[in-house]
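Biologist: Could we go through this model together, one part at a time? I would like to begin with a sheet.

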Amino acid sequence: MTSLPTGYAPSSYWMSSVPGPSFPALEPGREGTAPDVEVAVVGAGVAGICTAWELARAGRRVALVEAGRLAAGTTGHTTAKLSALQGLAYQDIRAARGAEAARLYATSQTDAVDRVRQVTTELEIDCELEESPALTYAEGEEGVERVRAEAEATSAAGLDASFTTATDLPFPVAGAVELAGQAQFHPRKYLLALVADLVARGGLVFEHTRVVSLGEGHPCRLTTDRGARLRARDVVVATAYPIFDRALLFPRLEVKRELVVAAVLPADRAPRGMYLTPEDGTRSVRTAPYRPGRRLLIVTGEKFTPGDGGVERRYARLIDWTQDRFPGAEPAFRWAAQDNWTTDHVPFVGPLHPASRHAYVATGFAGWGMTGGVLTGRLLAARLTGRPSPWEDLYDPRRLNPVREAPALMRVQSTVARHFVGDRLSGDGADAVRDIPPGGGAVVRFGGRQLAVHRDERGGTHTLSARCPHLGCLVRFNDAERTWECPCHGSRFALDGSVLQGPAVRPLKRVEDDEPGTREAGEGAG
C-alpha cells in the first residue's frame, strides 16, 4: 500500500482540538405510561443539535439521541463554512425549481448565517466566529462563463454578489463570484455550547444509542439496538442519510465523500476569503485560527462515491495540489467527510412521508450542512410549535417534479443498479486473499458467497459478509481510512463490521473460522 506524506495526523482538527463532554447511553427500562418527551431528535450533528436546541428554547421537552458521539460524524469533519453562496447552486436551483425557489433559498440560507451570529452573541459562545467573503472561482477560461452565470443567478436571487478577477489567493484565477459578509467558525465549539444550554433547559442527551426502529402513532416509539425504548409525540430523523425511508427518498439522494487536508501557514500568508472551485474534482479552501502567528489552511476536494477505491491516490492528489498552490505549508491533519445531494439541489426538511403527522426528516445538504443544519432547526421548530415559515414548501420532502428531476433520478438509480447487480458478477476469486497486502482488504468470492476480507498488519485475516445490511449492496474497501463502504447509499463499517455511518443500523455479519469457504483460500478468518 502507498502511504501519505509524513506529518498528516489521521484525524479531524475539529475533533482533536475539542474532545467534548460525554453523555450516557439510553438503557432499557425507561418506558412509562406517557410519552417520555415531547420531541425526540435522532442524530446529533448540526441539524439535530440545532433542532433540539431551538425546540428546547421554545419550551419543548426534548431528547437528543446519537448513535456515536455528539457532533462527531459529518459535522465533526466539515470545513465549517457559513455561506449563502454555495458553489454554483443558484443557477442549478433556478433551473430545477424556478426563480422564486432560488430567491427563497437565498433568504433562508442568509437567515441561517445571521442566526449563528445572533446565538453566538446571546450565549456568549467563543467559537472562533470570523467574518469572511465567500468566493466561487475558476482558474481556467473554460470555467469562467459558469462563474459569470452564477454571479447573475445569485444576484437575481436577491444576494449582493458580484463577478471579480481579484482574490487574495496566492495564484491567479480567471474569474470568481464573490459574496461579502459571510462567516466561518469552529463547529464543535458552537454546537457543544448549544448542547450545554439544551441540558440547562431540561433537555435529555444520549450518546452511543443507535435507533433501529420507529413506530409512528400517538405517541411515536423509538427502539434502540439494545432494546431501549423512548416515546415522544414528535420525532425528527436527522441522521445525515435517513435511517428510515418511508417517503422513498433513497432514489432521490446521491451520496458523495470528500477528502480534507489541513496544513499550517504563517498568518500573513493565509487567505482571508472562503474559496471553492468545481474544477479538479472540487477544491475548497479556508483558514482557521491555530497558534500565535499561524493559521490552519483547510483544503477539501476529490469528491467520490463511497467504495470507489483508490482513496490513498486521491489524498496524494489533494496534497500535491495544496503544496503546489501554497508552497511551504506544513502538514498537520487529514480527514474525510460525507454528505448527500438531492436530485433538485434543495435539501429535504419536513414531514418524513406524505401520511406523516408526527415524524420529520432533514437530509440532502450537499456539503453545506452548517447553514443547512441551522436552517433545519429554525424550520422544524417553527413547524412543531405552530408558527408559519415562508420556507416550508421549498424544503418539503414530499415535493417531486418527475420531469425536471428525471435525468438526475435516472443517473442516481443507474449507479445503484450497476453496483447492486454488477458487483455480484465480479470478484477476485479465492486466490485474491493471498494477494491482499497487510492493512489491505478486498471482496472475494467463495462458492456463491461474497466475503469482505481484511488482512491486519501481522498478516492475520478477518472476514465479514460483504452484503450491506441496509439493502444488500456489496461493500468495498477504503484503503486510506481502512473501512468498508457501501457504494449504493453510503453506509460505512469498521473492520470488525460495526456501523460507522448509516443508513445501515445493523453491523456486517462476521464469518466464523469454521464456516464453509473461509479456509478454502488457504487462510482462516479472524
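Modeller: Three strands make up an open sheet in the order S18-S19-S20, and their pairing is antiparallel. Strands here are DSSP runs of E with at least two residues, helices are runs of H or I with at least four residues, and both are numbered from the N terminus. Two strands pair if DSSP finds at least two bridges between them. The model is predicted: local features need pLDDT of at least 70, side-chain atom pairs count only at pLDDT 80 or more, and totals for chains, interfaces and linings use all residues. Residues are numbered from 1 along each chain as its sequence is written, and side-chain values use heavy atoms, with hydrogens and water left out.

Biologist: Which are the edge strands of this sheet?

Modeller: Strand S18 (441-446) and strand S20 (461-465) are the edge strands, as each pairs on one side only. Neighbouring strands of the sheet are turned by 35° against each other on average, direction ignored. Such angles run from 0 to 180 degrees between N-to-C directions, with axes that are lines fitted to C-alpha atoms, for helices over the stretch in contact.

Biologist: How many bridges join S19 to S20?

Modeller: Five bridges join strand S19 (residues 449-455) to S20, and the two run antiparallel. One of the partners in S20 is Thr461, which is bridged to Arg455. S19 and S20 form a hairpin with five residues between them, and Gly459 in the turn has a positive phi of about 100°.

Biologist: Why is S20 described as largely enclosed?

Modeller: Four of the five residues of S20 are buried, so S20 is largely enclosed by the rest of the structure. Buried means under 20% relative accessible area, exposed means over 50%, and partly exposed lies in between (1.4 Å probe, protein chains only).

Biologist: What is the strand order in the open sheet of four strands?

Modeller: The order is S21-S22-S23-S24, with antiparallel pairing. Its edge strands are S21 and strand S24 (499-501), each of which pairs on one side only. S21 and S22 pair over three bridges in the antiparallel sense, and Glu485 in S22 is the bridge partner of Arg476.

Biologist: Let us change topic. How many salt bridges are there?

Modeller: The count comes to 29 salt bridges, where a salt bridge is a side-chain nitrogen of Lys or Arg within 4 Å of a carboxyl oxygen of Asp or Glu. Side chains of opposite charge can pair when their charged atoms come close. One of the bridges joins Arg257 and Glu481 (2.7 Å, N to O). Arg257 lies in strand S11 (residues 253-266) and Glu481 in the loop between strand S21 (476-478) and strand S22 (483-485), so the pair ties together parts that are 224 residues apart in sequence.

Biologist: Is Arg257 buried or exposed?

Modeller: Arg257 counts as buried, at 3% relative accessibility, whereas Glu481 is partly exposed, with a relative accessible area of 23%. A network of salt bridges links Arg257, Glu481, Glu485 and Arg492.

Biologist: Which residue forms a salt bridge with Arg398?

Modeller: Asp396 does, with the closest N and O atoms 2.8 Å apart. Arg398 is partly exposed at a relative accessible area of 36%, while Asp396 counts as buried at 8% relative accessibility.

Biologist: What can be said about H6?

Modeller: Helix H6 (residues 187-200) has 14 residues and reaches 20 Å from its first C-alpha to its last, close to the 20 Å expected at 1.5 Å a residue. That expected span is 1.5 Å times one less than the number of residues. Among the buried residues of H6 are Tyr190, Leu194 and Leu198. The buried residues of H6 pack against several elements, including helix H1 (13-17), helix H4 (99-122) and helix H8 (369-384), where contact means heavy atoms within 4.5 Å. Just after H6, Gly202 takes a positive phi of about 95°.
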